[in-house]
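User: I am new to this structure and would like to learn how to read it. Could we go feature by feature?

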Amino acid sequence: MRVAIVNFSRQSLVSPHEIRAAVERLPREHYAKIKIIRYDPERSLALEMAYINNNPESLRARGTYLHDWDSSDSVVVIYPFKTRDGFFHTLYHEIGHHVFFRVLDQGLRDEWFALRRAEKGFVSKRARKDAREDFAETYSCLCFRTHLLYHAPGKADFMRRKVFRSVIATRRYI
Ligand SMILES: [Zn+2]
């Protein structure tokens, strides 16, 4: 089943066609279980999550990755963005969370934790937060901002050889 691209008519920076193309350049198994990519202009899910988890940090989220354990479906939610670059970075970041939790096996996750202890470089400030954010940020950079990977060459190598296992077609601008 194809991933549903929902609600993006409520903005005009990226088209649903571009979003689909950006997802479908990834290895198929990275997005096969993602059911919906949804735009949430009111940030209603972020508000709800901040309330449920009593975590005001959720209010600043640029996107959210959700997994429904009953149906085994995953959903990516994107909050308002100001630039196309910002959108694509968030899109790949959230898909990176999905890949970490649902595509990698525990052996590869353990390798990532070990690698993170060994290599002190990070692709972004956000990547410093914890191992999951680091993975999502590094994943996104491999898809879209490869120039930032020089900060963390060991992690970039792990992404290329063990997560993507093939060369991802690079595009100058998506
Ligand atoms: Zn994240």
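Analyst: Start with a hairpin. E3 and E4 form one, with four residues between them. In the turn, Ser72 has a positive phi of about 65°. This is a predicted model, in which local features need pLDDT of at least 70, side-chain atom pairs count only at pLDDT 80 or more, and totals for chains, interfaces and linings use all residues. Residues are numbered from 1 along each chain as its sequence is written.

User: In which sense do E3 and E4 pair, and over how many bridges?

Analyst: The general idea comes before the case. Strands of a sheet pair through backbone hydrogen bonds, either parallel or antiparallel. Here two strands count as paired if DSSP finds at least two bridges between them. E3 and E4 (residues 73-78) are antiparallel, over six bridges. Two of the facing pairs can be named. Gly63 stands opposite Ile78 in E4. Asp68 has Asp73 in E4 as its bridge partner.

User: How does E2 pair with E4?

Analyst: E2 and E4 run in the parallel sense, over five bridges. Ile34 stands opposite Ser74 in E4.

User: In what order do the strands of the sheet lie?

Analyst: The order is E1-E2-E4-E3, in an open sheet of four strands with mixed pairing. E1 (4-6) and E3 (63-68) stand at the edges. Each has a single partner strand, so one side of each is left without a neighbour in the sheet. Neighbouring strands are turned by 15° against each other on average, direction ignored.

User: Which helix packs on the sheet?

Analyst: Two terms are needed. Contact asks for C-beta atoms, placed from the backbone, within 7 Å. Axes are lines fitted to C-alpha atoms, for helices over the stretch in contact, and angles run from 0 to 180 degrees between N-to-C directions. H4 (residues 84-103) packs on the sheet and touches E2 (34-39), E3 and E4. The direction of H4 makes about 30° with that of E3.

User: Is E4 mostly covered or exposed?

Analyst: Burial is a neighbour count. A residue is buried if 20 or more other C-beta atoms lie within 10 Å of its own, exposed if 12 or fewer, and partly exposed in between, with C-beta atoms placed from the backbone. E4 is mostly covered, with five of its six residues buried. Over the protein, buried residues make up 30% of the 174 residues.

User: Which residues of H7 are buried, and where do they sit around the axis?

Analyst: An α-helix has 3.6 residues a turn, so residues three or four places apart point the same way. In H7 (residues 153-164), the buried residues are Lys155, Ala156, Phe158, Met159 and Val163. They cover an arc of only 155° (taken from the directions from the helix axis to the C-beta atoms), which puts them on the same side of H7. On the other side, Pro153 and Arg161 are exposed. The cover over the buried residues of H7 includes H4, H5 and H6. Just after H7, Arg165 takes a positive phi of about 55°.

User: Where else does phi turn positive?

Analyst: Asn7 has a positive phi of about 80° although it is not a glycine. Asn7 is found in the loop between E1 and H1 (16-24). Asn7 counts as partly exposed, with 16 C-beta neighbours inside 10 Å. Arg43, also not a glycine, has a positive phi near 55°. Arg43 lies in the loop between E2 and H3 (44-52).

User: What is Phe122 in contact with?

Analyst: Phe122 is placed in the loop between H5 (106-118) and H6 (131-144). Leaving aside neighbours within four places in sequence, Phe122 is in contact with Ala127, Arg128, Asp134, His151 and Ala152. Phe122 is partly exposed, with 19 other C-beta atoms within 10 Å.

Definitions and conventions. Helix = DSSP H or I, 4+ residues; strand = E, 2+ residues; numbered from the N terminus. Contact = placed C-beta atoms within 7 Å. Expected span 1.5 Å × (residues − 1).
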